[in-house]
Amino acid sequence: MNSELDNIYATANDQVADFVFDKKVAGVFNDMIRRSVPGYGQIINTIGDFAQSFVANNSNVYDLGCSLGSATLSIRRQISQRNCKIIAVDNSESMIQRCNENLSAYVSDTQVELICGDIRDITFQNASMVVLNFTLQFLPVVDRDALINSIYQGMLPGGILVLSEKLRFEDDTIQQLLDKHHLDFKRANGYSELEISQKRSALENVMRPDTLAHHTKRFAECGFSHSTVWFQCFNFASMVAVK
C-alpha cells in the first residue's frame, strides 16, 4: 500500500484544527502510522495470526475503523476457513475509497463488505472475530461501553475481540516516562518539534485514551471470560478478549 510522506503539520499554523480522517490524512496514513505508532506492523501481522486460530467457518469478521484496510488484508491472507465474510467499517469516505483500492489488489475467496458509516450503528451478528485497531479512543467516552457490549452480544462463544489503543496512566511518573520515549520514537522517525506539537494540539480534543484498568473492567462487565495485553510498546498496547 503506497503512501505519500506525512508533512501535514510541517508548516506552522496560527490555529491548529481538530484532527480528522480526511482525504489529506488518507493519502499519508501509512507513513503517519509507521512513524507514530511503535509496533504497528507487528500488531497487524499478529491480527492475521489470531484470525487463523479464532475465525470459524460460516462466520463474520468485523474490522471497525478499518482505515486503509491493513487489518482486513492481514486477516484475509491468513484465514482458510470456509464461507467467512469480513465486514470493514469506517466513517471516512476517503479511507473507504483507498481501502477498496488496496483490497482490489489482492485476490481472495474471502468476501469483504465495505461500509462507510458509524461503527455505533452496526448490528453485530455471528461474529467469530472483531478488531478495533486504534479506533475506540476516537469514540466519545460515553459511547464506549455500549459499543463493546454490542460487540459481545453479537459474538459467537469462543470469539475474539482484538482492541489496540493508546493508553493513559494514572501514575504521573509512568505517564511522563512513556510519553518521553514515545516522543523520542517520533523524533527518531523524522518528525520535527513543530510537527509533534501541532499534531498533539490537533488530537487533544478528539482522542481520549482510557487506562488499562478501565479496559479490563469494561471487558469483564460486558461478559468476556478472558482478557489480557498481548503487546505493549511505550504507551501503545493491543489487547485480546475472548468470549
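The second largest pocket holds about 180 Å³ of space. A pocket here is an open set of points on a 1 Å grid over the protein atoms alone, with protein on both sides within 12 Å along at least five of seven lines, and its lining residues have an atom within 4 Å of a point. Grid points are joined across faces, edges and corners, and the volume is the space filled by probe spheres set on them. The model is a predicted one, so local features need pLDDT of at least 70 and side-chain atom pairs count only at pLDDT 80 or more, while totals for chains, interfaces and linings use all residues. Residues are numbered from 1 along each chain as its sequence is written, and side-chain values use heavy atoms, with hydrogens and water left out.

Among the residues lining this pocket are Ile8, Tyr9, Asn13, Phe19 and Lys24. The lining splits into seven nonpolar, two polar and three charged residues. In this count Ala, Val, Leu, Ile, Met, Phe, Trp, Tyr, Cys and Pro are nonpolar, Asp, Glu, Lys and Arg are charged, and the others, Gly among them, are polar.

Seven strands form an open sheet in the order 3-2-1-4-5-7-6, with mixed pairing. Strand 3 (111-116) and strand 6 (226-233) sit at the edges with a single partner strand each, so one side of each has no neighbour in the sheet. Strands are DSSP runs of E of at least two residues, helices are runs of H or I of at least four, and both are numbered from the N terminus; two strands pair if DSSP finds at least two bridges between them. Strand 6 pairs with strand 7 (residues 236-242) in the antiparallel sense, over seven bridges. In this pairing, His226 stands opposite Val242 of strand 7.

Ten aromatic pairs turn up in the whole structure, counting rings of Phe, Tyr and Trp (its six-membered ring) with centres within 6.5 Å; planes under 30 degrees apart are stacked, over 60 edge-to-face and the rest tilted. Phe50 and Trp230 have ring centres 5.5 Å apart and planes at 90°, so this pair is edge-to-face. Because Phe50 lies in helix 2 (residues 40-54) and Trp230 in strand 6, the pair ties together parts 180 residues apart in sequence. Trp230 also forms a tilted pair with Phe231, at 5.7 Å centre to centre and 50° between the planes.

Phe50 is buried at 17% relative accessibility, and Phe231 is buried at 16%, whereas Trp230 is partly exposed at 24%. Buried means under 20% relative accessible area, exposed over 50%, and partly exposed in between (1.4 Å probe, protein chains only).

Notes: 1 Å grid on protein atoms, 1.4 Å probe; cavity = no way out; pocket = protein on both sides within 12 Å on 5 of 7 lines; lining within 4 Å.
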